[in-house]
Amino acid sequence: MKRALSLALRTAVLLVLIALIAFAILALQIDRLGSRDDAQAVDAQAADAIVVLGARVNADGSPGSDLTSRTYHAVDLWLAGYAPHIICTGGFKNERLSAAAVCRRFAIKLGVPADRIYLADGSSNTIEDAAATARVMADQSWRKAILVSHPLHLYRARWLFRRAGLDVVTSPTSTEVTKIAPPVRLWYAVREAAAILMTALDGWEIVPPEWIARLQRWTYRLQ
């Protein structure tokens, strides 16, 4: 009996160690993807659209710091000819202060013609951003997109957009992740890895659905 319990304990410890190592590897991959710009490998006009992942809007209706940097970067890519269209995501559908609507107005202010910008609103997290974008792109018979977001958000975003059936590459607002304070950098990588794990477990009836929904809302608010 003691031998069986000892074996079970060692097995449990080994499984926990394997899980922790796998989690650490995932967090490292999240960090590494944020340090490179895969849009640089895309030929001009090869992508159909540049997708701006939604982020916080200020109370006065102006884009928050993350949404500002994401929109600026998307416009820079558009001006460089990486794709002919921009898709802005996030927020309540047809809401003037949604992340998508604010992104669109800012991009127009920066010189992008209104008819080159599409809205993928009606979404409150990255999973819904991917679904809304997939609908817009299907309507236009588009397949390939460049995702623009915070560098440590892009690994999860790429996974979710590919899961939605889209061909995507990533382009972070900055590849200089070493300038992010180490504790913050570690926190973002761990948070994103946890969000990927929770999403992957959704539907397995292992994790309560309300936990998953709460984590999704939490990670979206911090983007």
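Visitor: What lies over the face of Y155, and at what distance from the ring centre?

Guide: R158 does, at 5.4 Å from the ring centre in this predicted model. The cut-off for a charge over a ring is 6 Å from CZ of Arg to the ring centre, and R158 is listed over the face of Y155.

Visitor: Where does the charged end of R163 sit?

Guide: Over the ring of W159, 5.0 Å from its centre.

Visitor: Why is the pair of Y72 and F106 called edge-to-face?

Guide: The ring centres are 5.1 Å apart, and a pair requires centres within 6.5 Å. The planes stand at 80°; an angle over 60 degrees counts as edge-to-face, so that is the label for Y72 and F106.

Visitor: What parts does this pair of Y72 and F106 tie together?

Guide: Y72 lies in helix α2 (residues 65-79) and F106 in helix α3 (residues 99-109), so the linked parts are 34 residues apart in sequence.

Visitor: Is F106 buried or exposed?

Guide: Buried: its relative accessibility is 13%, and the limit for buried is under 20%. Y72, with a relative accessible area of 41%, is partly exposed, because that class runs between 20% and 50%.

Visitor: How many aromatic pairs are there by this rule?

Guide: The count is 2. Y118 and W142 form an edge-to-face pair, with 5.1 Å from centre to centre and 80° between the planes. Y118 belongs to strand β3 (residues 117-120), while W142 is in the loop between α4 (126-139) and β4 (144-149), so this pair joins parts 24 residues apart in sequence.

Visitor: What makes W142 count as buried?

Guide: Its relative accessibility is 11%, which falls within the class of under 20%. Y118 has a relative accessible area of 23% and is therefore partly exposed.

Visitor: What is the order of the strands in the open sheet?

Guide: The 5 strands run β3-β2-β1-β4-β5, with parallel pairing.

Visitor: Why is one side of β3 and of β5 left without a neighbour in the sheet?

Guide: β3 and β5 (167-172) stand at the edges and each has a single partner strand, so one side of each has no neighbour there. From one strand to the next, the twist averages 25°.

Visitor: How do you know that β4 and β5 pair?

Guide: They share 6 bridges in the parallel sense, and pairing takes at least two. I146 stands opposite V169 in β5.

Visitor: Which helix packs on the sheet?

Guide: Helix α5 (residues 154-163), which touches β1 (49-52), β4 and β5. The direction of α5 makes about 165° with that of β5.

Note on methods: Residues numbered from 1 in each chain as written. Predicted model: local features only at pLDDT ≥ 70, side-chain atom pairs only at ≥ 80, totals over all residues. Heavy atoms only, no water. Phe/Tyr/Trp six-rings, centres within 6.5 Å; stacked < 30°, edge-to-face > 60°. Helix = DSSP H or I, 4+ residues; strand = E, 2+ residues; numbered from the N terminus. Buried < 20%, exposed > 50% of the residue type's maximum accessible area, 1.4 Å probe, protein only. Lys NZ or Arg CZ within 6 Å of the ring centre and 35° of its normal. Axes fitted to C-alpha atoms, helices over the stretch in contact; angles between N-to-C directions. Contact = heavy atoms within 4.5 Å.
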